Amino acid sequence: MPTILGQNQYGKAENRVVKITRDGDTHHIKDLNVSVALSGDMDDVHYSGSNANVLPTDTTKNTVYAFAKEHGIESAEQFGIHLARWFVNSQEPIQRARIRIEEYSWDRIATSDANSKFIGSDEVNHSFVRQGMETRVTQVTYDGTNWEVISGLKDLVVMNSTNSEFWGYVKDKYTTLKEAYDRILATQVSARWRFNWSDDEQRMPNWEKSYAEVRKHMLQAFAETYSLSLQQTLYQMGSRIINHRSEIDEVRFSLPNKHHFLVDLEPFGLKNDNEVYFAADRPYGLIEATVLRDGVDARIPVDMTNL
């Protein structure tokens with residue numbers, strides 16, 4: 001039986017684009033996941049394989065990044081309007097463009113008064129925590145006599161848009177990574193901390209207050225550390241918790257390095273002055289370590305997968 005072509009579309013899905021707007025020391029973030037779907041006069045490419053009417057999906061990806069620079073991102077809606085209008089008006093075969101955008105929101109991290117001036121300004125306005133992703137966890141173990149309480153969180157996404165470097169590392173014949181003296185530092189925090197409360201004769205911690213305070217000190221340390229490595233930031237986060245919360249003896253972190261790479265806009269005649277980045281989800285560096293109170297043995301499992 002003869003066949004005919006039905007509805008069809010093509011494009012580039014899930015283009016992760018992060019736009020940093022630098023207003024002096026105050027930075028603003030727009031973090032989008034943009035999917036482009038185009039349709040129109042595409043019969044020939046399906047029937048004969050002719051690409052004469054096909055705008056490459058790679059070009060649609062480049063357009064997303066270029067438009068982030070040329071138009072900025074006032075809102076997801078406005079950015080989508082710019083893109084859809086361009087694809088339909090600039091390419092005669094394209095008759096319909098569908099732009100789907102997910103936006104990830106970020107809040108500023110409030111820093112402690114005593115440490116906010118370490119970078120030479122009255123306030124830290126370049127550190128952010130992503131909204132709506134964090135999950136609180138706890139594990140309680142009891143043997144009839146002794147308690148072990150390990151609490152924590154996962155999927156807490158944080159970012160510093162500056163005050164991070166990475167250089168002076170080992171280089172061999174396979175090394176291609178360029179040294180960075182001003183980079184985005186972002187990670188998705190998975191952390192567990194162990195309380196030293198272990199029997200009913202001890203005073204029980206205020207669990208709600210403890211969680212809120214641990215989270216606060218963790219975020220403040222992330223924001224206030226001028227980072228030369230993610231390992232250094234991890235240690236400062238753990239040390240801040242141990243030094244400020246007497247009820248906690250041990251903290252373990254698993255921190256994937258959520259890499260942000262500058263997009264090369266020179267092919268489009270545009271200069272990328274640390275503004276438009278490609279947010280890569282894999283592969284990623286994975287930094288893990290335990291921070292302990294001096295004299296205390298480590299008990300949190302190295303592999304926290306099932307904790």
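How much space lies in the largest pocket? About 700 Å³, and we'll stop there on this tour. First, some ground rules: this is a predicted model, where local features need pLDDT of at least 70, side-chain atom pairs count only at pLDDT 80 or more, and totals for chains, interfaces and linings use all residues. Residues are numbered from 1 along each chain as its sequence is written, and side-chain values use heavy atoms, with hydrogens and water left out.

**Stop 1: helix α2**

Select residues 57-70, helix α2. (Helices are DSSP runs of H or I, at least four residues, and strands are runs of E, at least two, numbered from the N terminus.) At 1.5 Å times one less than its number of residues, the 14 residues of α2 should span 20 Å, and the end C-alpha atoms are 20 Å apart, which agrees. Now colour T60, T63, V64, Y65, A66, F67 and A68: these are buried (under 20% relative accessible area with a 1.4 Å probe, protein chains only).

**Stop 2: the cores**

Next, pick L156, V158, V189, W193, M218, I248 and F253, the residues with the most contacts inside the largest nonpolar core, which has 30 residues. (Such a core is a set of buried Ala, Val, Leu, Ile, Met, Phe, Trp, Tyr and Cys residues joined through side-chain atoms within 4.5 Å.) The largest share, seven residues, comes from α4. Apart from this core lies another, of 25 residues, including L38, A66, A76 and I94.

**Stop 3: the largest pocket**

Centre on L177, K178, A180, R183 and F261, which lie nearest the middle of the largest pocket among its 21 lining residues. (On a 1 Å grid over the protein atoms alone, a pocket is an open set of points where a 1.4 Å probe fits, with protein on both sides within 12 Å along at least five of seven lines; lining residues have an atom within 4 Å of a point. A volume is the space filled by probe spheres set on the points.) Strand β10 gives the most to this lining, with three residues.

**Stop 4: the second largest pocket**

Finally, go to D155, Q188, S190, S254 and P256, the closest to the centre of the second largest pocket, which 20 residues line. The volume here is about 390 Å³. Strand β9 supplies the largest share of the lining, five residues.

Methods. Buried means under 20% relative accessible area, exposed over 50%, partly exposed in between (1.4 Å probe, protein chains only).
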